[in-house]
Amino acid sequence: MSNPAQLIQKIRATLAPCSLGDWPTPLERAPALGRAIGVADLTLKREDRSSPSYGGNKVRGLEFLLAGAPPGTVFVTLGGTGSTHCLATVMHAAAAGGRAVLAQFPQPETPVSRAVAAACQARAALVVVAGVRSALPLAVIQAWRRAAAIGPRRWIAGGGAHPRGVVGHLLAGLELGAQVAAPPDAIVLPLGTGGTAAGLVLAVAALGWPTRVVGVRVAPRLVSNGWRTMRLARAARRLLADRGVPLPAPRAPEVVYGLGKGYGHPTPEGEAATRVAAAHGLTLDPTYGAKALAFLMRHATCDMQRVVFWHTFAIPVSQPEPAP
């Protein structure tokens with residue numbers, strides 16, 4: 001393929017995202033952590049360092065999803081009460097000159113989910129929390145209607161899972177072309193709504209790599225599956241092709257199980273992975289990163305020894321208490 005940096009520039013010039021993050025995010029060697037989990041050559045793609053205001057992988061998609069909105073736009077989205085997508089939307093909506101309204105469903109409380117929920121409550125223009133998960137559609141309707149009183153509205157898909165958002169993660173994968181000397185055996189990441197994995201399979205195809213993209217499923221199969229991921233990848237590919245940026249057809253990711261009891265519920269394996277990572281200076285969240293690293297700890301094989309671990313979680317910054 002052509003130079004990855006040139007392709008990144010062409011895509012940015014074509015789709016004109018807003019500027020929210022600091023790119024490229026670092027790729028760090030982690031030999032000690034690799035030895036601890038049985039991976040000979042482990043590197044960490046530090047998506048947690050994507051922005052000083054609030055990082056994480058969701059900033060990638062938001063650059064494209066928030067772009068072009070007039071000042072005062074109210075961005076309405078959904079997620080769990082501990083959703084880092086919701087928090088990233090809240091934080092970066094302000095940078096795009098707008099505000100955010102959230103519809104949320106309850107998820108198990110952990111120190112991380114409580115911190116994220118508190119930050120969302122402190123900074124969002126409005127948060128509508130469903131009493132039970134099955135009531136989320138009503139919460140979405142209520143949030144959408146009430147947002148109209150605040151300003152002009154724009155819908156942001158849950159998790160940022162939209163073809164334009166996928167393009168942001170494609171750029172993240174293309175960054176690896178300049179950061180590694182040779183293609184890794186695998187890229188391992190948590191698989192939720194699928195936008196990040198969709199972008200990465202497109203990037204691997206564009207780079208011409210044989211690399212496996214392994215998505216560790218951490219959400220219910222209805223929203224977290226290979227079919228949905230590939231649907232997003234193909235839609236993003238069509239979006240770019242229609243604008244004169246053709247890409248090779250991607251291969252499907254390998255989807256492996258990591259959910260446990262349910263979305264947001266910590267697992268014993270994930271807690272063990274969290275402790276190992278913490279001993280090597282890496283902070284994982286129990287919903288996504290811990291379950292992905294737990295899979296790698298259990299299933300690293302001889303053909304999966306040069307691994308890029310996609311570190312998606314950013315620790316919430318301290319937020320002021322909401323006004324009484």
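Student: Which backbone oxygen lies 2.9 Å from a polar atom of the side chain of Ser50?

Tutor: The backbone oxygen is that of Gly56, which lies 2.9 Å from a polar atom of the Ser50 side chain. The model is predicted, so that local features need pLDDT of at least 70 and side-chain atom pairs count only at pLDDT 80 or more, while totals for chains, interfaces and linings use all residues. Residues are numbered from 1 along each chain as its sequence is written, and side-chain values use heavy atoms, with hydrogens and water left out.

Ser50 also has a polar atom of its side chain 3.2 Å from the backbone oxygen of Glu47; a polar contact here is a pair of N or O atoms within 3.5 Å, where within protein one must be able to donate a hydrogen and the other to accept it, and residues adjacent in sequence count only if both atoms are side-chain atoms. Ser50 itself belongs to the loop between β2 (41-46) and α3 (58-65), where helices (H or I, at least four residues) and strands (E, at least two) are DSSP runs numbered from the N terminus. With a relative accessible area of 0%, Ser50 is buried, a term that means under 20% relative accessible area, against over 50% for exposed and partly exposed in between, with a 1.4 Å probe and protein chains only.

When residues up to four places away in sequence are not counted, Ser50 touches Gly21, Asp22, Trp23, Thr25, Gly55, Gly56 and Val59, a contact being heavy atoms within 4.5 Å. One of these neighbours, Trp23, is joined to Pro24 by a cis peptide bond with omega near -5°. Pro24 is placed in the loop between α1 (4-15) and β1 (27-29), and the loop between α1 and β1 also holds Ala16, a residue other than glycine whose phi is positive, near 50°.

As for the setting, the protein has 11 helices and 10 strands, and 56% of its 324 residues count as buried. Residues 24 or more positions apart account for 80% of the contacts in the protein with a separation of 6 or more. The C-alpha trace spans about 55 × 50 × 35 Å along its principal axes.
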